[in-house]
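Hi,

Here is the structure I promised to pass on. Have a look at it first, and then read my notes below.

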Amino acid sequence: MLIKKPADILSSEITSKGVYLNRRKFLTGTAIAGAAVLAGQVLHDLASPSTIFAMNAKINGIQSSPFSTSENITSFKDVTNYNNYYEFSTDKYQPASLAKDFKTRPWTVTIDGLVNKNQVLDLDTIIKMAAPEERIYRHRCVEGWSIVVPWVGFSLSKLINRAEPLGKAKFVEFTTINDPSQMPGMRVPVLDWPYVEGLRIDEAMHPLALLCFGMYGEALPNQDGAPLRIVVPWKYGFKSARRLFASASPTLSRSIPGARLRLMTMAFIRM
C-alpha cells in the first residue's frame, strides 16, 4: 500500500505478491544467521505470523475485465496488513490479527424495500450468479495513501436486478453485520453501529460498482471484508461497504450472520 511514500520510490518497485510469498517460503526453510543478515525485516515479519496470513482458497474460472487499470499492483502484504476497519480497531495494523477468527459461514444477504422480489440469499448462491471477473482498481484516500488492488467479483447491478427494483427506487442503503462478540471495535462507540452506507441507484447500478468476494485470485481475507463487500472505485473508501457483503453490516438473526441491501425513495444523511 502506498502509505505516504517518498517521491523517489516508484510504483514499479513494489514487491509483487508472488515474489513476497516465495521469499517468505525460502526464509522459512533456511532460517540461519546468514538469512537473517540478508533479510532482517522479512524475518521480523516471520516472527509475527499472526499479522500475515497464508493464501486463501483459490477462485476458479476468473475472467479478465476491461474495467481495469494498467497500473502496477500493490503488494498483497500491504493490502492485507494496513486496513481501515473500525469494526475491529481504529488502528490500521490490528484488523489483520483481530479478524482472523471471524466466522464468514453461514452468511446471508437480505434485499428488500422498493423491489418486486424480496430476497434472502446465501453466500454460495450469490457467488454463483455470474462468472467472476478480475477488476484492477486504483483507490486514493484523503489520509494520503493509495493502493492498486486486483479485486474479484462481478457488477453489483447483477444482484440488484435479481430483486427487480421498482422505478421509484432512488437510493440503495447498505447495512452491515452487527456482531460485537466477534468484532471488538463495535464495543466502542466510535460510530453509531451497525455501519450504514448508501449510493444513488444509478451509482449502484454502474458497471464499475463491484460486488466483491475475492482479491489476488483468492477468497477475500477477513480483514479486507470477507465474505462479501462492495467496491466503488470512484468514491472514498467508506462507500465500499464491507462484510455485507462482509464488512458493512445488518440487523439480521444472530444465528445466520449477514447484511442488508434496501432500496428506497429518500436519501439519508450519516453524521
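One cut-off before the rest: a residue counts as buried under 20% relative accessible area, as exposed over 50%, and as partly exposed in between. Keep in mind, too, that this is a predicted model.

Glu 164 has a phi near 55°, which is positive although the residue is not glycine. Glu 164 sits in the loop between α7 (156–162) and β7 (171–175), and because its relative accessibility is 32%, it counts as partly exposed. Tyr 216 also has a positive phi, near 55°, and is likewise a residue other than glycine. You'll find Tyr 216 in the loop between β9 (210–215) and β10; at 12% relative accessibility, Tyr 216 is buried. Why point these out? Most residues other than glycine have a negative phi, and most peptide bonds are trans.

On the peptide bonds, there are two cis ones to look at. One joins Arg 105 and Pro 106, with omega at about 0°, and Pro 106 is in the loop between α5 (95–98) and β3 (108–113). The other runs from Ala 226 to Pro 227, with omega near 5°; Pro 227 belongs to the loop between β10 (218–219) and β11 (229–231).

Arg 105 turns up again in the second largest pocket, where Arg 105, Leu 123, Ile 127, Phe 213 and Ala 219 are the lining residues nearest the centre. This pocket has a volume of about 330 Å³ and 15 lining residues. Which helix gives the largest share of the lining? That is α6 (residues 123–127), with 3 residues. Sorted by class, the lining has 9 nonpolar, 4 polar and 2 charged residues.

Last, the aromatic rings. The count comes to 7 aromatic pairs. One of them is Tyr 82 with Tyr 93, an edge-to-face pair at 5.3 Å centre to centre with 75° between the planes. Both tyrosines lie in the loop between α4 (76–79) and α5, so the pair ties together parts that are 11 residues apart in sequence. Are these two partners buried or exposed? Tyr 82 is buried, with 11% relative accessible area, whereas Tyr 93 counts as exposed at 52%. There is also an aromatic cluster made up of Tyr 85, Phe 88, Phe 102 and Trp 107.

Over to you, and happy browsing!

Conventions: Residues numbered from 1 in each chain as written. Predicted model: local features only at pLDDT ≥ 70, side-chain atom pairs only at ≥ 80, totals over all residues. Heavy atoms only, no water. Helix = DSSP H or I, 4+ residues; strand = E, 2+ residues; numbered from the N terminus. Buried < 20%, exposed > 50% of the residue type's maximum accessible area, 1.4 Å probe, protein only. 1 Å grid on protein atoms, 1.4 Å probe; cavity = no way out; pocket = protein on both sides within 12 Å on 5 of 7 lines; lining within 4 Å. Points joined across faces, edges and corners; volume = space filled by probe spheres on them. Nonpolar A, V, L, I, M, F, W, Y, C, P; charged D, E, K, R; others polar. Phe/Tyr/Trp six-rings, centres within 6.5 Å; stacked < 30°, edge-to-face > 60°.
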